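Me: I want to go through this model and ask what stands behind each label. Please set the values against the cut-offs.

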Amino acid sequence: MNVMDAIQARWSVRTYALRAVEPEKIEAIMEAGRLAPTASNEQKWRLIAVTDPELIAQMVPACKDVAWVGTAPLILVACSEGDRTMVCGQSARTVDCTIGMSYMTLEAIEQGLGFCWLGWFYPEKVCEVLNIPDDFMVVAVATVGYPAREGKRSPKKSTDEVIVYNRMA
Ligand SMILES: Cc1cc2nc3c(=O)[nH]c(=O)nc-3n(C[C@H](O)[C@H](O)[C@H](O)COP(=O)(O)O)c2cc1C
């Protein structure tokens, strides 16, 4: 599967089959994140793979009590140590973790899995469940697993609406 195949195959999976993710697949996912670019190559982050069923159950209340989160056999968390604002005005750590999570989730697709990115989480609760220190910021959370059913991604805006070559009109 090439990168565009993975991008085409992706959709947000919100119910997972009762099937564990093989350890070698999790390793490939985490390696994809480890190799992702970070601002100034600082790598001030931790990329966490949560597979312990007890911790996954505790992640449900940390994710606004969304029940299907608890059906995922794997939850990925990208968190960063401290922060700094780049010249462009953006948080280096937020961008780092977002890229890292994108690499990991695309690798999950290559491994035949599905995922759903989660914005509905309480960072302080995630820190408590996963023993993440106070000086870390939880940026991204995603559920991963084998989809329980088939699905397809939501409609996207047309090329004309979102793609610009050179200057905006
Ligand atoms: C930053 C971000 C946060 C998201 N948060 C949630 C969430 O909390 N719960 C959820 O069910 N889906 C969440 N999603 C998934 C989006 O709803 C989904 O990507 C969007 O509806 C498009 O559908 P598709 O991914 O199938 O193309 C999130 C996606 C992104 C990128």
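Reply: Start with R93: its relative accessible area is 2%. Buried means under 20%, so R93 is buried. Keep in mind that this is a predicted model.

Me: What makes the contact of E42 and R93 a salt bridge?

Reply: The N to O distance is 2.3 Å. The cut-off is 4 Å, between a side-chain nitrogen of Lys or Arg and a carboxyl oxygen of Asp or Glu. The pair therefore qualifies as a salt bridge.

Me: Which parts does that pair tie together?

Reply: E42 lies in the loop between α2 and β1 (45-50), and R93 lies in helix α4 (residues 92-110). The pair therefore ties together parts that are 51 residues apart in sequence.

Me: Why is E42 called partly exposed?

Reply: E42 has a relative accessible area of 28%. Buried is under 20% and exposed is over 50%. E42 falls in between, so the label is partly exposed.

Me: How do you know that R93 also pairs with D96?

Reply: Their closest N and O atoms are 3.3 Å apart, and the limit is 4 Å. So R93 and D96 form a salt bridge. The two are 3 residues apart in helix α4, about one helical turn. D96 is buried, at 3% relative accessibility. E42, R84, R93 and D96 are linked in a network of salt bridges.

Me: What separates R34 and E31 in helix α2 (residues 23-34)?

Reply: About one helical turn, because they are 3 residues apart. They form a salt bridge, with the closest N and O atoms 2.8 Å apart. E31 is partly exposed, with a relative accessible area of 33%. The count comes to 5 salt bridges.

Me: Why is V3 called exposed?

Reply: V3 has a relative accessible area of 56%. V3 is in helix α1 (residues 3-9). With M4 and I7, V3 forms a nonpolar surface patch of about 290 Å² accessible area together.

Notes: Residues are numbered from 1 along each chain as its sequence is written. This is a predicted model: local features need pLDDT of at least 70, side-chain atom pairs count only at pLDDT 80 or more; totals for chains, interfaces and linings use all residues. Side-chain values use heavy atoms; hydrogens and water are left out. Patches are made of residues with over 30% relative accessible area and no salt bridge: like charges are joined within 9 Å, nonpolar side chains (Val, Leu, Ile, Met, Phe, Trp, Tyr) within 5 Å. Accessible areas come from the Shrake-Rupley method with a 1.4 Å probe; for residues, only the protein chains shown count as cover. Helices (H or I, at least four residues) and strands (E, at least two) are DSSP runs, numbered from the N terminus. Buried means under 20% relative accessible area, exposed over 50%, partly exposed in between (1.4 Å probe, protein chains only).
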